[in-house]
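Please look over the sequence and the model shown here before reading the briefing.

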Amino acid sequence: MSSGVAARRDAKKLVRSPSGLRMVPEHRAFGSPFGLEEPQWVPDKECPRCMQCDAKFDFITRKHHCRRCGKCFCDRCCSQKVSLRRMCFVDPVRQCAECALVSHKEAEFYDKQLKVLLSGATFLVTFGNSEKSETMVCRLSNNQRYLFLDGDGHYEIEIAHVSAVQLLTDGFPPAERDIRAYTGLGRSLPASEGGNMRATGMCLQYTVPGAEGVAQLQLTAGEDANASRRQAAAWLVAMHKAAKLLYESRDQ
C-alpha cells in the first residue's frame, strides 16, 4: 500500500453537528465499520412529555435529546454525559440512562480490546483448505477497516466483508458468531472472555470483491513462548468482541 493511499484512509476532519463536535474520516468510505450514524432527533412537537418518566415539559422541566437514540427526555432521565466513540464525538455527550449504560460497556472495547487489535499478534495462518500454514502477524489497521496479515507476503481483508467469526477454545466446542444471522447475542460469551477457557484460534469467513463464494482462513496461536501465546489469546478475544459491534453497526 502506498503512503498516499494510507494517508487518505486515515485522514480525518472536525465537524460540528447539533449534538457536538465530531472527528470523522475525511472520506466517508473510509469510516470505521464499528461506527454508528447519528440518529434523527424526535421532533420537539412530537414529544410533549418525557419518553421515560412521562413528565410534562414546560418552562421549568426542559426537554433534552439523547445523542445516541435521539429520543426526548427530561433532565432527570437524560443527565449523564458519556463518551460516544462509535459516533466519533470529541467530548462526552448527553445520553439517556439506557444508552449511557451501553456506551459505558462499549468504552471497555475502545480502551482495551481495540488497542490489542491494533497492536497485533502472531499466528499460524491457514487459507482455505490448504494444508500449509504460514507464520504471520495479524493486526487491525489504524482506521479499523482492514485486517492486515504480514508474513512472507502482505494480505488485507476488509472488515466489512467478514461474514462469520468462530472462536476456537481449548477442550470446548467452538463459539460462533455468524454476523449474517448472529444468533449468539442472547447467550453468554465463552469463558475465555473472563473464565477458565483459553482461546487457541479463530476461523474467519469473508467475501472477496469480484470472487464468487465465501473465503475462509484460520488463525492458530503458536506453541512457542508463553508471552506470545497470551498476546495471541487476548487478540482473539478482542476480535470476538469486535464481531458484536460489527453486527450492531450493520443492523442499525
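What follows covers the chain as a whole, then its cysteines, then one serine.

This is a predicted model, in which local features need pLDDT of at least 70 and side-chain atom pairs count only at pLDDT 80 or more, while totals for chains, interfaces and linings use all residues. Residues are numbered from 1 along each chain as its sequence is written, and side-chain values use heavy atoms, with hydrogens and water left out.

**The whole chain**
- The protein chain has 3 helices and 14 strands, taken as DSSP runs (helices H or I of at least four residues, strands E of at least two) and numbered from the N terminus.
- Of its 252 residues, 42% count as buried, where buried means under 20% relative accessible area, exposed over 50%, and partly exposed in between, with a 1.4 Å probe and protein chains only.

**Cysteines**
- A search of the whole structure finds 0 disulfides, a disulfide being a pair of cysteine sulfur atoms within 2.5 Å.
- For Cys78, the closest cysteine sulfur is that of Cys66, which at 5.2 Å is too far for a bond.
- Cys78 counts as buried because its relative accessibility is 0%, and Cys47 counts as buried at 2%.

**Ser83**
- Ser83 lies in the loop between strand 5 (80-82) and strand 6 (93-95), and Ser83 is partly exposed, with a relative accessible area of 35%.
- Leaving aside residues up to four places away in sequence, Ser83 touches Pro92, Gln95 and Ser103, contact meaning heavy atoms within 4.5 Å.
- Ser83 and Ser103 are 20 residues apart in sequence, and their C-alpha atoms are 7.0 Å apart in space.
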